Structure formats: structure tokens, C-alpha cells
Amino acid sequence: MLPGFGLTLGVTVFYLALIVLVPLSAVFAKAAGLGWDGFVAAVTAPRVVASYKLSFGASLIAAAINSVFGLLLAWTLVRYRFPGKRLVDALIDLPFALPTAVAGIALTALYAPNGWLGRLLEPLGVQVAFGPLGVLVALVFIGVPFVVRTVQPILEDLEVELEEAAASLGASRGQTFRHVILPVLVPALLTGFALAFARAVGEYGSVIFIAGNIPLVSEITPLMIITKLEQFDYAGATAIAVVMLVFSFVLLLIINALQAWSSWQTGRAR
Amino acid sequence: MTSLSVVSSSITQGEQGASRFDGRPATRDPAALKGLILASSMAFFAMFLLLPLVAVFAEALRKGWAAYGAALWDPDALSAVRLTLLAAAIAVPLNLVFGVAAAWAIAKFTFPGKQLLTTLIDLPFSVSPVVVGLIYVLVFGVQGWFGSWLAEHDLKVIFAVPGIVLATIFVTFPFVARELIPLMQAQGKEEEEAAVVLGARGWQVFWHVTLPNIKWGLLYGVILCNARAMGEFGAVSVVSGHIRGLTNTLPLHVEILYNEYQFAAAFAVASLLALLALVTLGLKVWVESRSGRPKPGNSQSASNSNLFEAISP
């Protein structure tokens with residue numbers, strides 16, 4: 001009985017098709033024109049395969065690092081009092097708000113051999129900027145908020161009584177954490193991990209400045225698309241894009257399932 | 001409800017929340033453990049969040065305030081500011097109208113394919129920005145679907161302003177809709193139905209009943225949408241062609257200066273964008289405190305559904 005259904009649904013579907021669906025279909029149409037053999041050749045070239053290894057490998061490691069430190073940060077923000085807490089809490093979202101190009105040059109300045117942090121690492125023989133480690137650092141930066149923001153609300157909702165019951169039954173702090181707290185956090189941790197991973201695989205702006213972009217060593221997959229485009233190899237660029245799109249669609253489904261599990265689990269825990 | 005509601009809740013309830021755990025023997029961590037956790041999380045925070053932010057401003061002012069001012073007052077920088085504002089001024093209102101329309105249709109009505117539509121609205125967040133640029137090149141580029149037609153009519157989309165605007169619209173597509181759909185679903189439609197029964201027309205219902213209820217969520221979505229619109233790099237980079245003074249947005253101008261080894265100027269322009277980020281974070285916290293969102297975790301799948309907002313770079 002409310003008015004406006006036809007109008008709003010029409011606007012929504014039309015705009016969605018115009019901006020998103022029709023242009024996205026161009027990728028698959030173009031890739032289809034390549035033929036199966038051409039497609040396989042394009043997506044399995046040695047330089048491209050090297051870029052998958054770096055992009056997926058570094059993204060996995062970055063997401064793992066973010067899971068550990070994201071949990072520590074969330075724990076700190078929920079359970080401890082310390083000066084500057086509000087500022088820390090607000091700045092957790094910085095990677096969402098800071099343009100990636102700015103993050104990229106700032107991290108490069110910090111981790112370059114003459115930078116504030118690079119200067120300390122160089123005597124140790126660790127070169128971060130302009131190599132695979134630089135890619136990792138940039139991917140850790142952009143993934144920080146995901147795990148913190150998925151775990152934090154679950155930690156906040158945790159019943160104190162659960163831990164008190166565990167303690168009164170003779171469990172140590174470590175046992176309580178392992179058997180009472182951690183199981184409740186697992187779905188949220190996995191969701192945060194998957195979100196950080198998905199974001200890291202597609203990331204471009206913050207990585208290219210610090211990566212050094214050495215062929216076969218520190219080129220990420222999105223950069224391969226750019227490289228192909230600059231050589232006017234549109235079909236090759238499109239083939240790699242199809243690989244990335246299919247991967248992110250699959251990850252999107254996994255994340256949806258994880259989130260459903262997460263809300264089910266917390267619903268049960270309460 | 002979103003990542004930021006976490007911020008507000010920690011601000012309004014954080015101290016009390018922390019003492020909830022700190023004040024009881026069963027949930028209090030031993031001092032040594034607490035020190036270790038606090039130290040390692042703060043070291044991580046400093047290394048990956050605080051220092052990069054400080055570095056932007058430190059590098060920007062390395063050659064003094066005069067050089068800083070000169071970098072910002074440069075004609076190419078000013079034209080980049082204008083183009084960035086233009087792209088945001090087109091993308092944000094369009095996505096705002098779309099977001100309200102989508103939320104109205106999805107939250108107030110039931111129809112087949114609703115779940116699919118909701119998922120498709122999220123799609124742009126899971127597409128790599130470089131791929132976003134690529135799809136518009138495939139549609140509007142010289143070899144693309146409409147390439148020859150555009151050339152015949154002397155129209156330019158790729159390597160021109162329309163391409164930049166399109167790419168910006170794509171990457172900021174879901175922000176407002178994602179914010180409004182769960183909000184309007186939670187509010188239901190009883191108030192609107194009452195207004196209709198009392199004789200209000202469609203637009204009257206929207207302006208006088210719906211809008212006051214969703215204004216903070218709307219503002220929140222617009223703030224996030226705007227930040228992303230002004231800061232987008234990858235997608236815009238592919239379609240821009242990097243023509244100085246013509247198709248350079250602020251993030252692209254930062255890249256050009258940086259690649260020309262004009263580091264102080266690059267960081268000066270970058271500091272503008274960093275300020276924008278800080279203002280965005282401040283506004284988010286403010287909107288959170290004003291809107292009185294429910295405590296995170298209490299609403300459905302509250303914790304993380306909207307983290308999709310930021311999934312793509």
C-alpha cells in the first residue's frame with residue numbers, strides 16, 4: 001500500500017545495470033573473444049603466474065598478521081584503559097579513509113633505506129621498500145581495520161559471567177581463553193581474515209609505490225593488468241581481470257557464509 | 001551497526017566497558033600479560049597507522065611552509081582540486097539518489113529476486129579498482145563497444161573527464177545504499193503506512209516521515225561515499241590518461257609529482273588528502289555520537305556486514 005515501488009525499483013535496476021552489470025559483462029565478452037587457448041596462454045604466462053604468487057601469498061600473510069594484531073588491538077580497546085584510547089580507536093579506520101596513493105607514498109617514505117623505519121632495518125640487512133616485503137607492509141596497512149572491527153563488537157558483547165564461571169570451575173586464564181573466549185571469536189576472526197585477504201588481493205594504489213615493481217619479483221596482479229593495457233594488449237588484460245573477478249566472486253560467497261555463521265554463533269553464545 | 005558504530009560505542013561506553021572486565025578478578029589479565037598485549041598492539045598501531053600519517057605531514061613540510069604553499073597553489077594542483085571536487089559532486093548525489101531508491105524498494109517491499117539484488121548492489125566493493133578502470137576502457141575505449149561511435153561524434157569518455165566520473169561512481173556505488181537498507185529494514189514501514197492512511201502523498205511521506213528517521217544514516221553514507229570519491233586512485237588512474245591540468249585528480253597529481261621526484265610537493269598535495277581523511281574520521285565519530293546507534297552486536301549481523309563498504313581498495 002505504500003507508493004513508489006515501481007519507481008524506486010525501476011531506478012535501482014536501471015542504474016545498477018547501466019553502471020555495474022553491463023560494463024562488467026564487457027570483461028567476459030572480451031575474454032570470450034580470446035578463445036580457450038588464448039585465454040589459458042594469457043593467464044599462465046610466467047610473469048603473470050609470478051604475480052599471482054606474490055599477490056595471493058603476500059595477501060594471505062598480511063591477513064594472517066592482521067588477524068594476530070587485530071585481535072590484540074581489539075582486546076586492548078575493549079578490555080584496557082589507557083590514555084589516548086579514543087584517538088587510537090578512531091584512527092583504526094584510517095586505512096578506510098586515507099586515499100591509497102597517500103598511504104603508498106607515506107609507507108615508502110617510512111620504509112625506504114633512508115626513511116625513519118628503513119634506516120633502522122637496513123643495518124640488519126632487511127630491505128623493506130622496493131621489494132616483496134614492501135608489498136607485504138602495504139597490504140598489512142590496508143587490512144588493519146577489518147579484523148579489529150569484526151572482533152571488537154563480539155568481544156564487547158562477551159558475558160563476563162562466562163569467564164567467571166570458567167574461573168570458579170578452576171580454569172586458568174589460558175584455559176579460559178582457549179576454551180571459552182576463542183571459540184566465540186573464531187567466526188569473526190575468520191570473517192576479518194577473509195575480508196582483509198579479499199581487499200589485499202585487489203589492492204593497487206598503496207602497493208605500487210613501495211613494491212619497486214620488478215618483473216617476476218615484486219609485480220602484483222593488478223599491476224599486470226595495467227602493464228598489458230599500456231602495451232595495448234586489451235585481450236590479455238581482460239583475461240587476467242576475469243581470473244581476479246572470478247576469485248573475488250568466490251571469496252564474496254565465502255565471506256557471506258562466514259558472516260552468517262558469525263551471527264549465528266554469537267546469537268547462540270548469548 | 002557499522003565499523004564506526006564500534007567507535008562511538010567505545011567512546012560512550014568504552015571506559016565503563018573496560019572497567020567491566022578490569023574490575024573483576026576472573027576477567028582481569030595479569031599485569032605482565034596486560035603490559036605485553038598493550039605494548040605489542042600499540043607498537044603495531046604506531047608502526048602501521050600513526051607513523052605513516054605523521055610522515056605525510058613531516059615530508060610535506062620538509063622544505064618549509066613556502067614550498068608547501070607553492071605546491072598547493074600550483075595551477076596543476078588547483079585544477080586537480082577542481083576535478084576531484086567535480087567528480088565527487090557528480091558521483092555522490094547520483095549514488096545518494098540511487099541509495100535512497102534502492103533502500104526504499106528493498107526495505108519497504110517484498111519481491112522475487114530481492115536477495116540477489118541486494119548482493120548485486122554490493123558487487124562493486126569486491127571488484128579490484130584496476131578492473132573497474134578496465135571495464136570502462138572495454139566499453140568506451142577506442143577499441144571498445146562504443147569506441148567508433150564516440151569517435152564519429154567527437155566524444156571522449158576514456159582519457160577524459162566523463163571516464164573519471166564514471167569510474168568514481170562505480171567505486172562509490174554501494175556506500176549510501178548499504179547504509180540505508182539495514183537501517184530502513186530495522187525501522188519497518190508502520191510509520192509510512194500511518195501517514196498514507198492519514199492522507200499523505202508519496203513525496204510527503206518521504207520528506208516528513210522517512211527522511212527524519214534516516215537522516216543520520218544518510219549523512220554517514222554520504223561521508224564515506226565522499227571520502228572514497230575524492231581519494232580513489234586505481235580505477236581513476238586507468239581511465240584518466242594522466243593529462244596534467246585536464247584529467248588529473250588529486251591522487252593522480254600526487255603520483256605524478258612523486259614519480260618526478262618532487263617529493264615535498266607530492267607530500268604537500270597528499271597532506272590535503274590526509275586532512276580530508278582526518279575530517280572524515282572526525283565526522284564519522286560525530287555522526288555516530290549523534291545518531292545514537294544501537295550497541296554493536298545487538299543488531300542483526302551488526303558487527304561486520306557493512307565492512308564490505310571498504311572491501312575494495
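What percentage of the 313 residues of chain B count as buried? In this predicted model, the buried share of chain B is 52%. Chain B has 14 helices and zero strands, and its contact with chain A takes 96 residues from chain A and 98 residues from chain B.

**Contact between the chains**

- On the side of chain A that touches chain B, helix 1 (residues 5–32) of chain A supplies the largest share, 14 residues.
- That side of chain A is made up of 65 nonpolar, 16 polar and 15 charged residues.
- Leu38(B) lies in helix 2 of chain B and, leaving aside neighbours within four places in sequence, is in contact with Thr76(A), Tyr80(A) and Phe82(A).
- Leu38(B) counts as partly exposed because 17 other C-beta atoms lie within 10 Å, whereas a buried residue has 20 or more.

**Fold of chain B**

- Along the sequence, the pattern of chain B reads α-α-α-α-α-α-α-α-α-α-α-α-α-α.
- Among the contacts in chain B with a separation of 6 or more, 78% join residues 24 or more positions apart.

**Nonpolar core**

- The largest nonpolar core has 185 residues, and those touching the most other members are Val102(A), Ile105(A), Leu134(B), Val269(B) and Ala270(B).
- With 16 residues, helix 4 (residues 75–108) of chain B gives the most to this core.
- Not counting residues up to four places away in sequence, Val269(B) touches Ala71(B), Leu72(B), Ala77(B), Leu250(B), His253(B), Val254(B) and Leu257(B).
- In soluble globular proteins, nonpolar side chains tend to be buried together.

**Helix 13 of chain B**

- Helix 13 (residues 250–259) of chain B is mostly covered, with eight of its 10 residues buried.
- Those buried residues are Leu250(B), Pro251(B), Leu252(B), His253(B), Val254(B), Glu255(B), Leu257(B) and Tyr258(B).
- Their cover includes elements of both chains: helix 6 (100–111) and helix 11 (205–211) of chain A, along with helix 4, helix 11 (202–231), helix 12 (234–240) and helix 14 (263–291) of chain B.
- Tyr261(B), which follows helix 13 of chain B, has a positive phi, near 65°.

**Helix pairs**

- Two packed helices are described by the angle between their axes and the distance between the axes.
- In chain A, the axes of helix 3 (residues 46–79) and helix 8 (residues 132–157) come within 5 Å and cross at roughly 40°.
- Helix 3 of chain A and helix 8 of chain A are therefore oblique to each other, and their crossing is right-handed.
- The contact of helix 3 of chain A with helix 8 of chain A involves 23 nonpolar residues, six polar and one charged.
- In chain B, the axes of helix 2 (residues 31–60) and helix 14 come within 7 Å, with a crossing angle of roughly 130°.
- Helix 2 of chain B is therefore oblique to helix 14 of chain B, and the crossing of this pair is left-handed.
- From helix 2 of chain B, Leu53(B), Val56(B), Phe57(B), Glu59(B) and Ala60(B) meet Phe263(B), Ala264(B), Phe267(B), Ala268(B), Ala270(B), Ser271(B) and Ala274(B) of helix 14 of chain B.
- The residues of this contact between helix 2 and helix 14 of chain B divide into 10 nonpolar, one polar and one charged.

How values were computed
Residues numbered from 1 in each chain as written. Chains lettered and ligands numbered in written order. Predicted model: local features only at pLDDT ≥ 70, side-chain atom pairs only at ≥ 80, totals over all residues. Contact = placed C-beta atoms within 7 Å. Helix = DSSP H or I, 4+ residues; strand = E, 2+ residues; numbered from the N terminus. Nonpolar A, V, L, I, M, F, W, Y, C, P; charged D, E, K, R; others polar. Core = buried A, V, L, I, M, F, W, Y, C linked by C-beta atoms within 7 Å. Buried ≥ 20, exposed ≤ 12 C-beta atoms within 10 Å, placed from the backbone. Axes fitted to C-alpha atoms, helices over the stretch in contact; angles between N-to-C directions. Parallel < 35°, antiparallel > 145°, perpendicular 65-115°, else oblique. Left-handed = near helix turned anticlockwise from the far one by under 90°.
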